[in-house]
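Open the model in your viewer and keep the sequence panel beside it. The tour goes stop by stop: select, look, move on.

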Amino acid sequence: MDFRIVRLPDLDPFYSKFDEWILAGFHGEMGYLERRSGERSRPPDWAKAVLMSRIFYNDFSWETNAAKGGALISKYAVRADYHNVLRERVSKLLQKMEERRKGLQYRIFVDSSPVLEKPLAFFAGFGFMGANTLLVDKERGSFFNIGGAFLNIEAEDEFQLEQDNPCINCNLCIDACPTKAIIQPGLLDARRCISYLTIEYRGVIHADLATKMGSWVFGCDICQEICPFNKNPLAQISDSPLKERLLAPPLESLYNLDEAGFQSFFEGTPVIRAGFTKFLRNLIVAAFNSGDVHIIYNICRRVKKLKSPLLDEQIRVMESGL
């Protein structure tokens, strides 16, 4: 785990951009972001510094694995849930710090608290803000999860910030996004993002988006996979071992799972977050996009037995979109 401690930076410009993004409605159904937007501008009163940490997960390429023709699950989700991994590692680090610093006070955050983590990671020197809105390290790419903790200690360390942005003359990620979710460099319409649609969105995915989602059933790595910085040999690293069975598993093996089987198969991974019904909805989309009549017929027969209005309507939308 890579970590750095820096003094608490001024995030006012980032708060303003975040609020504008919310007001534009780009957050879609992620109402928790809107409800907690005010909280994001208030680190604890006692906080003087922030510890930022990251774990990498770029240990395989989709160029070879996508060819299997199975269901695609984002790289970060084919392994133990990073929320738990990062929180545990940050917690152990802080426990060691407590042994040397009496009176240490901290609050841990790992993508689950109202904190603007990417700007904090930027000030910790973890990279520049990429056109796809992700943080990009010039040497080690963007396939990393971040988390950290607010601290009540003084910190003098300042890291070299990325002043230039290599994305200015590059539109690879923007052009590669099949649903055109990246409106312009640094501006994402989450409502069109495959990651949002497969994880956060609770409704029926409209045909104009669903037919462009390919075989992605949880998350999406397209805008990262195309990035030149992720092809650097130094970026081919991982801090958490992957689960081989989750690399493009056959669609048939997934739509035959019942809810208990789903929970068992994905236990301990972020995929559980989607829930059984939404995951089946995503499988329906992937099945129709595969064009395999046998797979389409079998998943439709399987799903209709569940008598789910959401799943039945997703089938109807896909059939109408063919």
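A disulfide is a pair of cysteine sulfur atoms within 2.5 Å. By that rule this model has 0 disulfides. The model is predicted: local features need pLDDT of at least 70, side-chain atom pairs count only at pLDDT 80 or more, and totals for chains, interfaces and linings use all residues. Residues are numbered from 1 along each chain as its sequence is written, and side-chain values use heavy atoms, with hydrogens and water left out.

**Stop 1: the cysteines**

Select Cys170 and Cys167. The closest cysteine sulfur to that of Cys170 is in Cys167, 6.3 Å away, which is too far for a bond. Now pick Cys193.

Buried or exposed: what is Cys193? Cys193 is buried, at 18% relative accessible area. Cys170 is partly exposed, at 23%. The cut-offs are under 20% for buried, over 50% for exposed and partly exposed in between, with a 1.4 Å probe and protein chains only.

**Stop 2: the sheet**

Colour by secondary structure. Helices (H or I, at least four residues) and strands (E, at least two) are DSSP runs, numbered from the N terminus. Strands pair if DSSP finds at least two bridges between them.

Find the open sheet of 4 strands, in the order S1-S2-S7-S4, with antiparallel pairing. Strand S1 (2-7) and strand S4 (106-109) are at the edges; each has a single partner strand, so one side of each lacks a neighbour in the sheet. On average, neighbouring strands here are turned by 20° against each other, direction ignored.

Zoom in on S2 (residues 49-56) and S7 (residues 144-151). These antiparallel strands are joined by 8 bridges. Select Ile55: Asn145 in S7 stands opposite.

Next, show helix H4 (residues 82-100). H4 lies across S1, S2, S4 and S7, at about 135° to S2. Angles run from 0 to 180 degrees between N-to-C directions, and axes are lines fitted to C-alpha atoms, for helices over the stretch in contact. Contact means heavy atoms within 4.5 Å.

**Stop 3: two loop residues**

Select Ala124, in the loop between helix H5 (117-123) and strand S5 (128-129). Ala124 is buried, with a relative accessible area of 0%.

Then go to Phe229, in the loop between helix H9 (222-225) and helix H10 (251-255). Which residues does Phe229 touch, not counting those up to four places away in sequence? Among them are Phe128, Val136, Arg140, Pro166 and Ala235.

**Stop 4: packed helices**

Show helix H12 (residues 276-290) with helix H14 (residues 309-321). They pack at about 15°, with axes 10 Å apart. That makes H12 roughly parallel to H14; the category needs an angle under 35 degrees, while over 145 is roughly antiparallel, 65 to 115 roughly perpendicular and the rest oblique. Display side chains at the contact: Leu280, Ile284 and Phe288 are among the H12 residues, and Leu311, Ile315 and Met318 among those of H14.

H12 and H13 pack at about 155°, with axes 9 Å apart. H12 is therefore roughly antiparallel to H13. Here the H12 residues include Phe276, Leu283 and Ala287, and the H13 residues include Ile295, Ile299 and Val303.
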